[in-house]
Each structure stands twice: as structure tokens, then as C-alpha cells.
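Here are my notes on the model, point by point. Please keep the sequence and the 3D view open while reading.

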Amino acid sequence: MRTRLKASLLAAVSLGFAGCAATGGEAKSAGDKPAASAEKSAKFDKNPYPSTYRPYPSQTTVVRGVTIFDGEGGRIDDGVIVMADGKVEAVGGADLAVPAGAAAIDGRGKYLTPGVIDIHSHLGDYPSPSVDAHSDGNEATSPTTPEVWSEHSVWPQDPGFSRALANGGVTSLQILPGSANLMGGRSITLKNVPARTVQGMKFPGAPYGLKMACGENPKRVYGGKGRMPSTRMGNFAVNRQTWAKAAAHKKKMDEGKADRDLAMETLVGVLSGEILVHNHCYRADEMALVIDMAKEFGYKVSTFHHAVESYKIADLLAKEGICSAMWADWWGFKMESYDGVNENVPLVERAGACAIVHSDDANQIQRLNQEAAKALKAGRRMGIDISDAQAWTWVSYNPAKALGIADRTGSLKPGKMADVVLWNGNPFSAYTRPEKVWIDGALMYDANDPKRRPVSDFELGQPGEGDVK
Amino acid sequence: MNALFTKSLVRSHRAKSRCLSFVRAFGVSRLRSTRAGLGVALVASMAAAAPAAAQDIAITNARLVIGDGSAPVEGGTVVVRGGKVVAAGTGVAVPAGVERVDAEGRWVTPGLVAAFSRVGLVEVDAVSGTNDRSATRSRFSAGLDIAPALNPMGSPVAVNRAGGVTRAIVAPGPSSSLFAGQGAVVDLGDDNDMVTRARALQFVAFGEAGSSKAGGSRAATFLLFREQLLAARSYARNPAALAEWGNDALLQRADAEALVRVIDGTTPLFVRVDRASDILNVLKLKGEFPAMKLVLVGATDGWLVARDIAAAKVPVILSPLSDLPDSFERLAATQSNAGRLKEAGVDVSVGVFDDDDAHKMGYATQYAGNLVGLARVPGASGLTWDEAFASISSAPARAVGMEASIGSLRPGRAGDVVIWDDDPLELGSRPVAVWIDGKAQSLTTRQDRLRDRYANPQEGALPKAYDR
């Protein structure tokens, strides 16, 4: 809750001092570099901060006798997985042929799943310790800041990454800007590997996202500063005007006549389908309006985040092919979360729409499996019969799909990244924890080996260094 | 029964909807996948009890958890008469004339006690008119009393009750000064009388929060704390002194009266504190004010000084899964804190306060379950199942000095009983029946009504607004 409050409710307060700098619009910041302004955008480098992540060394590994959720709804009891060269090589039953010389793990009584993917995190841009000096998630100086990139705020030493790995089995996550702004900036998808630089964590080839926000936050933050938007109609007006500008910029770019404009380049990326829209939006009626706005300007929403009221329009979301990223049971912290129900996730699933369980929280990212379990059981109580294996799609394949990385991770299909968690029991039980976590086949966490437990620079030499956490 | 029905139209409407809700809860959804026998038996007994009169009941054939740290027993019986537990265990005879409810082997426990919460003080956090957590612009501090701010009809009360929470320790949020004010112990029953004990605790934060209230340094916190208590003591000896102090008084009259009760131990002092050095300094305060009853809240780095806390015999209410160094006073945060404190002999309660402290009290079961799971992780410390359940029932009752009246199913305690659909510490387990003071409770919430309305999201012959 603390993180979310910082990211949303308190955005205006905690970042209010930055308002004095809010004299220029998004376009001006790009023009600050004279050398760049003459550069025609057709030629610019779309990947100027490339990923330097390389999979860590791995060995061919076989886990036998384990219960497998494959991440796409499949379940294998007494299953076998072979991981080699950082990839899933094969998954099958007890009779699966395995290579000689592989490291062999007895998985009896244990469960094996694709790694958890959190589609909504602020690790690194609102890190621990949550001091003002680290508060880098909301560029709350203009209601539209599509020119900012969250990767430029990510502090790789956030101890939260290690907790998400060791307690939550999180292998990939999207770091989003906060929700103070209608257009908060670009998001970034990371592999959950410790690194000296954010480039060392960037998921190779993952598309960028654009964080957008509906509702209470933008109108409160900017209304509170005496400027537009101060209402929901103001939210839409500013969005539409900005999209109209982006459409005009796209035309100039297509004609090779556009100057560099970081804000417009992000929005043109959306209009071209290269950048995925992740829209913070609680209320059903607002989601429906956003869907029409997207059609008006010719873009698509990948996912509504914090979609507390998706259950009210689950049919519409299914028809439009838009994912909902949801909490299991958060409600009541603000007006637009008042109608939260425990059955939101299973109701969305039952309607045939894409359901995702997300965290937006440095604590709950450590328990997305448990949040999914609560939603699953709430659904079963009302007669929605969803299997455990199907529910695992909420924390692996569906977020991978919504992030545009499902061809590489999110399920245990041969050839995909070996992003894998071995759990010491059923991961839908409160009594279960990760035992081992592999990322691209490399063993990055092992509950039985204190040396396979990352310790951030911040925690080194502090009380509790290297503790179990 | 008639008196209850005629109290007001609102009340009778609520009573009616409660009857319906029992049918929904037991007859349809909750028992869908279970045997019908219990459903019929419970519906019958509930329907008779619907207007929330205290029942004399015996719940039999239970997987019975007393809540005092003892192990569950099979085939247990709980007898509640006159709103109180008269017997619980195996081999308990059911007195003649007492209604029987066959639990059919299900888990039966005392209601959960939320160890540190704001339930009843908040409807929607960000809607200020509904949020009575904090009085940061009041001229009063220690004298603030939350009792009249509580709203038993608020939807968070119902939602938490449906999660098995029957009692809560409710503390105020920050005031304008160091002391936050007086909290209460409440019940979450479906009626207008929520307060079990008013002025049940005084709350104060040390550490970073306290120093910001006291003037910017921990030095100011400890000095202000001491000076305010000494002023209260002077006031107790000579109430006229307050008038002589005039504008220089450190306290209002109401604040002084409240602090007198802290000094003499009438009101336990709940202290939010996390850093190990702060904890040690707070424990030292008992040297000067020996009758004061301290309870530590948070104690995130408490495991570093576990033996000192145990030696001082000060109980701890902690948020057990807070494991991030999210400030410099919580650098050593670990989920093993609860287990390590317990091993050192500290009386540990589990609270839900580093998250949403008004709406999600039901998270206590999930947190307690996690502590059981943690015991299986090499190098980590957790709790046994029995300890974990006690940490969300009898331990918080003991921390607030009410172990003789709530928090377990030992004879003499309030008839707060829950029948669960599964292991209560397991994810997503829910109550199928709840009694508070022996009164059967509604488990239907506004959320359930929304869920049912949109079970099929498409509109029918009329808009959704007609569907209820």
C-alpha cells in the first residue's frame, strides 16, 4: 500500500515541489539539445540504450517427478522438464527422454511453473528505501510526459528486485511510470536479474510500453495545481488533443519532414503499433470511453491496469481483446476502487477475456501466486470452475502476451527462455515458497544455498545482510 | 425478536436481507461443493436466529481450534450460552435445550482479532469526509477518543467480518502532536453497538514519524514524551496547575487526563517503533514510568534486540511479511522477525497495518499462513500452525489486556465463533458461519451484491440498475 500511495494518492504532495519547473511542454525538453533538433526523425536510433543483458552461465538441468503447470493452461503430473542452453528443451511425462550428464533434481512433492511475470511494478523507480531522493516514478510537472522513459529512473540496486525473485519467483517485470499524468511516459520490461546498470536488466527485444492513466489521479494532481485537467472531461480533452498532435506528427515523420520530438516519437510509436499502451483505469465506464478514444485515433490498448471494475464489462473487454491487470481483493482506498469484488479476476476469465494478476506493490509482487490463489478460490465459490493450471496463466502467459514477449517467455514450450520456478509445494498454498528460480536457465535463486541469494549494494554491510528476508 | 424488527425501518430491512443472505450463503454458493446436510441444518438454525438475538448454541463435530496456541482437536464441541463460551473441547456435553449445529468436521475457531487496525474509522481512504483515521489539525492529541468516530454500518466492517474478523483493536492515526490519541477494542457485529472497550489503548509513534511530530529529531521525541507525561502527572496531583500554565501548557486538559491513565497502566501504550536503537530506548522508558504497559507495534528490526524485548515482557504486534528496507529504520527487515522474536520468548501478534489498515483485516490469515510456510524455508524462522493462529486471536487480545474476555474459545470468553470452509490459514478460505457474542451474523457484503449483479455482465430486458 505504501508504494501505491506514493505512486498515486500522494503524487501531488510528494512531488509538488517539482511543479515550479513545469514551465515547458513536452516538446520543449526535446529541443533543449540543439544538435538533435536538426536531426530528422526518420533517421533516429529507436534503441539508444540497448540491452546489455546476456544470460548467465547455465548447465543442462532435468527436474523429474514434478507437477508442472505449463503456463498456457496445461498440467502434467509426475512431469519432467529438460533445460539446456538457457532454453526449455523439452517438457513431458515420466517417459520423456533426458540427456545424459544433466544435473538431476528430484521434484517429487513439488511444483514447477514458468516464472512469474509482474506487468505492473515500480521497483527501481520507487525503490527501497523510499526516501525523497529516490522518488523517481512520476514526472508530475505536466499532464502529458510521453517523452520520459522509466528506464532512466530505475535504480538497479533496489532490494525489492531480490525479494520478488526469492519469495515471489518473479523472472520478468514491467516497470511503469506512476499515474500522476495522463501520459506518464515509456515503461520498460526487465529480466529480474541483478545488474550494475539498467541496461543489464533490460529484456532483449521487448517492446516499449506507454503508461497512461484515467480518472482520479491526473485530475487531482493537475486540478490541484490550478491547471487542466481538473475533471474527467478535462482528462479526455487533453488526451485527445495530444493524440491529434501525434497523428499530425506521424504524417510528418512518414514524409521524412519531422524534427526530433521525444514526446511525439513515443506517441507515434503507439500509433504505429510498436509501443503498447498500458492504461491505469479503474472504472468500467471510463474503460469503455478509452476504448472509443483508441479507435478515434487508431491505436490499441494492450491492458487496463488496476481494472477493479472489469467484471462489469468483461464481455466488452473480451470482444475488444484487451487484457485486465487486477488485484485479487484490493478495494476502498479511493473512490474509483470502491466497487472492487473478490471475483473480478475469475469473472474476466469466464467471459473469455485476458485476465492478469498484478501487484503495483513491492510487497505484493512477492506473492502474486497467492493473490491468484485467492481469486481462483473466490471464483470457485461462485461456481466458476477454473483449473489451477489455467489460473497460472494469470501470472505468466497472459502478462507475457500483454507485454509482447509471449513468443520468448511466459510458458514452458520448447525453445522458450528457461525462466522457471521450482516450488516446494503447490504454489496456490500459503505454505509454499520458491525453492529454485532459473532465469534463462541460470540458477539465480536456491533456497538451499545462501550463496544463490542476491544482496544489493544498498544492503551490503548493513544489519541483516544476506539474511533469508 | 419483534423489538429488534421494529427498531426502525432500516433495521428491519437489514434483518430481512440477512435472512436472504443466509440462504444465499449456505444454501447456494458456499456449500455448492459440499454435502447438503450442513446446509440444511445451518439454514434452519440461522433462519430462526436471524434477528441477531444471542443464541444458546452448540457447534459439534468440529475440527476445533481453541486459539490459545493448543493444537486443533477432532470431534470438538463449542457451547455458547448467554453470549459467552461455556465449554469447548472434546467430550463436552451439549446441555438440554441448546440448539445444535453440526460442523461436519469443518474447522471451527474463535473469531479473528485484528491486532492493529483502522476498521470502522474509514469508508474510502481518499474521500476525506469518510476518513476519520487522523486528526492532524486538532488542538488535542492524547485526549482524542476514536469511539464516536466509529461507523459500525460502514461496508469495511461487513467485508472484514465476512473474512472471519470478529474483533479489532482500532488505533487512531497521527494527531497534530506526538500522542495520537485513544483507540478502542471493537466488535464487527451487524448492529449499531461497536465498542467493546473504549479508550483501550493510547497510541504514539517514535522513530522517524515521531521525530517529525516532535520537532525534527529523536531527541525532541523522547524529551516531549517525558515532559508531557510529567506534566500529566503534575496535573493529576494538582489539576489547578493546568490553569496556571496557561498558554505555556504542554497539554490540554483532556490530553493530560488521558496520559494519567497511561502512566498508571490503566491504558496500554501502543508504540510504533522499528529501529533497534529506538526499541531499546522505548523499553527504557519503563524505568521512569514503571506502571506503564507498553506494546510495541511494528518492531521491524526487533529481532536484533529480541532478548531485550523478551526480558522487558513487552508484547509485539508486527506486520510479519514486511521484509523491505523501505526506510533507514527498517534496514534489517525480514519475514523471519516473528519467528525469531517468538523463539526469544516474545509474545507476538500479527497485524495488517503496513498495508491497508481499514479494509483488508482478513489478510491476517494469509500472513499467519505465510509464517507457517516460512518455517519450511532453510535458515528462516516461522511459526507453527498453532502459534500462527494464536497470533491472530488470543495474542492480540492479550496485548490489549483483554485475554480474559475475547480471542479464544476458553470458557468465559465472548461467543465469537467461526465455521470455515477449509483450513483458515490457507489462501481463500472463508467463513461459512460467524457468531459474535453468540449472535449469528450476516456474511453478505455490498461486494457480493455487485458480484451477483454482474455475474453475467450483459444487460437483460432492463438495465442492470433493476437487477437486485
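**Notes on chains A and B**

1. Start with A62(B). Leaving aside its neighbours within four places in sequence, A62(B) is in contact with G76(B), T77(B), V78(B), A103(B), R106(B) and V108(B). Two residues are in contact if their C-beta atoms, placed from the backbone, lie within 7 Å. A62(B) belongs to strand β1 (residues 57–64) of chain B. Helices (H or I, at least four residues) and strands (E, at least two) are DSSP runs, numbered from the N terminus. A62(B) is buried, with 27 other C-beta atoms within 10 Å. A residue is buried if 20 or more other C-beta atoms lie within 10 Å of its own, exposed if 12 or fewer, and partly exposed in between; these C-beta atoms too are placed from the backbone. T109(B) is 47 residues from A62(B) along the chain, and their C-alpha atoms are separated by 9.0 Å.

2. A word on the basis. This is a predicted model, in which local features need pLDDT of at least 70, side-chain atom pairs count only at pLDDT 80 or more, and totals for chains, interfaces and linings use all residues. Residues are numbered from 1 along each chain as its sequence is written, while chains are lettered from A and ligands numbered from 1 in the order in which they are written.

3. Chain B overall. Chain B has 15 helices and 16 strands. Of its 468 residues, 57% count as buried. Take the contacts in chain B between residues at least 6 apart in sequence: 68% of them join residues at least 24 apart.

4. Now a loop residue. L178(B) sits in the loop between β7 (165–170) and β8 (179–187) of chain B. Is L178(B) buried or exposed? L178(B) counts as buried, with 25 C-beta neighbours inside 10 Å. Not counting residues up to four places away in sequence, L178(B) touches S141(B), V204(B), G210(B), K213(B), A214(B), T221(B), L224(B), F225(B) and Q228(B).

5. Check helix α9 (residues 276–288) of chain B. A276(B), D278(B), I279(B) and V282(B) are buried there. Seen down the axis of α9(B), these buried residues fall within an arc of 170°, so they line one face of the helix. The arc is that of the directions from the helix axis to the C-beta atoms. K284(B), G287(B) and E288(B) are exposed, on the face of α9(B) turned away from its buried side. The cover over the buried residues of α9(B) includes α5 (207–214), β10 (269–273), β11 (294–298) and α10 (306–311) of chain B.

6. Domains of chain B. The assignment gives domain 1 (2–110 + 421–453) and domain 2 (112–406). These bounds come from an automatic or database domain assignment. The contact takes 26 residues from domain 1 of chain B and 25 residues from domain 2 of chain B. On the side of domain 1 that touches domain 2, β5 (107–110), β15 (431–436) and α15 of chain B each supply at least two residues. The largest share of that side, three residues, comes from β15(B).

7. Chain B against chain A. Here 49 residues of chain B are in contact with 55 residues of chain A. On the chain B side, α12 (363–374) and α15 (446–453) are the elements that give two or more residues. The largest share of that side, five residues, comes from α12(B).

8. In chain A, look at strand β10 (residues 276–280). Five of its five residues are buried. L276(A), H278(A) and H280(A) point one way from β10(A), and V277(A) and N279(A) the other way. In a regular strand the side chains alternate between the two faces of the sheet.

9. What pairs with β10(A)? Strand β9 (residues 209–213) of chain A pairs with β10(A) in the parallel sense over five bridges. Two strands pair if DSSP finds at least two bridges between them. H278(A) in β10(A) is the bridge partner of K211(A). Strand β11 (residues 301–305) of chain A runs parallel to β10(A), joined by four bridges. V301(A) in β11(A) is the bridge partner of V277(A).
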